[in-house]
Amino acid sequence: MRILLFATAYNGMCQRVHRELALSGHQLSIELSKESEVMQMAFSNYSPDLVICPFLKHRIPDAIWQNVPCLVLHPGIVGDRGPSSLDWTIVNPVECWGVTLLQANHDFDAGAIWSTSQFKMRQTTKASIYRNEVTQKAAKMISEAANEFAMKNKKLSTMNIKQVKAEASQWRRLMKQSDRQIDWINDSSTSIVNKINAADSYPGVLDEIEGHKVYLFGAHYEAMEHSNVKPGTLIGQRDEAICRATKDGVIWIRQLKLAKTQTKNYFKLAAMRVLTTQLKVKKDLPVLSSNVQNDIRVEIIEQVAYLYFDFYNGAFNSEQCIQLLNQFTIISSEQNVKVIVLMGGEDFWSNGIHLHCIEHATNSAKESWRNINAINNLVESLINCSSVITIAALRQNAGAGGAIIPLACDYVVARKGVILNPHYQLMGLTGSEYWSYLLPKRVGESKALELMHNCLPLIAQEALEINMVDSVFDEDANVYHQQLMSYCQALSNSADYSLLLENKKALRAKEQQHKKLSVYRNKELKLMKNIFDKPTSPYHLLRYNFVHKIDCGKTPKRLRSHEYSMNESKLEVS
């Protein structure tokens, strides 16, 4: 069946829906433009049987939804309508929320219901709920709807919705900054965290620090006592996050963004980096111990060490690479540890080098070079580790160099539905992280080059089929962790454990004799340095656009199967 996807952006949700529908055998094309004329042209030229909108913020032209069923994913329960569904739900907490698949009509979020599914809410960010619960439910509903429609088992609107409990039944307007405003004197810690969570990762909560207007992101509450200071006061730091007093504890804030001025737009950075380099205040905040704010932590269970690295948005800056390498080195030398599991973060496993920190640096070329070498040092340590078995546990998505790092481990396992983007060209880079050694070793030379040049995502099942991962576990978080722990314990307790280590050492020695690791690294870095040092290389503009969220508003050739009737140079990017 021919399916046309309309989307505002090719985000994680859209990528997953794209790959799952492709795996089901459907023919797909994607259109990202919000211009009615372009959408109509894509529709007319592709002639789809069905239109699906997994992430769409703009209206579908009447001529399209009146001719072919258009299914729109709304991140809310039956009866909920409006553009700030998750925002309101987080600020005014409910026990359960849901996802609804509707057929487009003349009103937003008001069409016939094809499917709906509910989930239990967590106290976390809007982005985390969207990337996890919403995406999981949505992908399943969309796949089922498409397959049922293809088999003609489902008419356009046959679902009986009377049995579906609607917690909301009216339009809820766009949430404004006035709705998110924090009252530091009177608001509880829970209320403050909910307000920041509802605005993370966009638009953030507008607040003031030392008289400067800033947006707040990445909040965690901690029941920490403080010395009777005024709520809102900065009292400490950790992992570049700042700690602010509340009336009933403290709030950790990981990221800040300065409010734009008439002459300059800003982007998100670690909170302490904003204070010290942009606002130039509070350099002497004490480093506090915390049970909540720890970007890197280790949990050891029966000779298996689970190494967590929860870096904001999965980006690894130079300092974080060094810290993670130091922690890995310490664990790998522990006599009671036989297996080390790289767990990644709560919302991303890794997305490679930190483009925001690079863009912020006084010399971006120099910081790019420093960052890529720091991450390469980490990868090299993983490759050469001979004292323990290493496992990369991909419980969340990974991209660019972050999708290559796992391949340096002995085993790679993934949670069902995880998306991998093992390529660099969309940022104007040729790549490093020893990809030219690790990726062909896993998938073969031809497939490695195909992945690098096609710049398309892989879903976990696809990665399994090409040997990029060894096993795929259940998507349910609790089941996944049980399966992962059993897998790790089996390796740790294996009667062949010593033999596994010996074979690992022998293979590494053989490969090193054939071609030294330094040869791969030097070749990759020579190309990267040329890009970094050339002011006119596309990388610098692409990086700038990425951190400032400047969208080209066009559909790349790699995503679409349809043609345009007008001048394509005005409508697309390659």
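This is a predicted model: local features need pLDDT of at least 70, side-chain atom pairs count only at pLDDT 80 or more; totals for chains, interfaces and linings use all residues.
1. Overall dimensions. The protein chain has 574 residues and a radius of gyration of 24 Å, which agrees with the value near 25 Å that a compact globule with this number of residues would have. Taken along the principal axes, the C-alpha atoms fill a box of roughly 65 × 65 × 50 Å.

2. Composition. The secondary structure of the chain comes to 19 helices and 21 strands, and buried residues make up 55% of the 574 residues. The points below take up some of these elements in turn.

3. Strand 3 and its partners. Strand 3, which spans residues 50-55, is mostly covered, since six of its six residues are buried. It is joined to strand 1 (residues 2-7) by four bridges, and these two strands run parallel; strand 3 is also joined, again in parallel, to strand 4 (residues 70-74), here by three bridges.

4. Is I60 buried or exposed? Its relative accessibility is 5%, and because a residue under 20% counts as buried, I60 falls in the buried class. From C-alpha to C-alpha, I60 and H106 are 9.0 Å apart in space, while 46 residues separate them in sequence.

5. Strand 10. All six residues of strand 10 (residues 241-246) are buried, so this strand is largely enclosed by the rest of the structure. The cover extends to both faces, with A241, C243 and A245 buried on one side and I242, R244 and T246 buried on the other.

6. The hairpins around strand 10. Strand 9 (residues 234-238) pairs with strand 10 in the antiparallel sense over four bridges, and L234 has R244 as its bridge partner. These two strands form a hairpin with two residues between them, and D239 in the turn has a positive phi of about 55 degrees. Strand 10 also pairs in the antiparallel sense with strand 11 (residues 249-258), over five bridges, and here the bridge partner of C243 is W252. Strand 10 and strand 11 likewise form a hairpin with two residues between them.

7. Six strands form an open sheet in the order 13-14-15-16-18-21, and their pairing is mixed. Which strands stand at the edges of this sheet? They are strand 13 (296-301) and strand 21 (471-473), each of which has a single partner strand, so that one side of each is left without a neighbour in the sheet. On average, neighbouring strands of this sheet are turned by 25 degrees against each other, direction ignored. Within the sheet order, strand 15 (residues 339-344) and strand 16 (residues 389-394) pair in the parallel sense over four bridges, and V339 stands opposite I389 in strand 16.

8. A nonpolar patch on the surface. L541, Y544 and I550 form a nonpolar patch on the surface, and their accessible area together is about 290 Å². One of these residues, L541, lies in helix 19 (residues 538-547). Its relative accessible area is 54%, and L541 is therefore exposed, the cut-off for that class being over 50%.

Notes: Residues are numbered from 1 along each chain as its sequence is written. Side-chain values use heavy atoms; hydrogens and water are left out. Patches are made of residues with over 30% relative accessible area and no salt bridge: like charges are joined within 9 Å, nonpolar side chains (Val, Leu, Ile, Met, Phe, Trp, Tyr) within 5 Å. Accessible areas come from the Shrake-Rupley method with a 1.4 Å probe; for residues, only the protein chains shown count as cover. A salt bridge is a side-chain nitrogen of Lys or Arg within 4 Å of a carboxyl oxygen of Asp or Glu. Buried means under 20% relative accessible area, exposed over 50%, partly exposed in between (1.4 Å probe, protein chains only). Two strands pair if DSSP finds at least two bridges between them. Axes are lines fitted to C-alpha atoms, for helices over the stretch in contact, and angles run from 0 to 180 degrees between N-to-C directions. The radius of gyration is taken over C-alpha atoms; the globule rule is 2.2 Å times the number of residues to the power 0.38.
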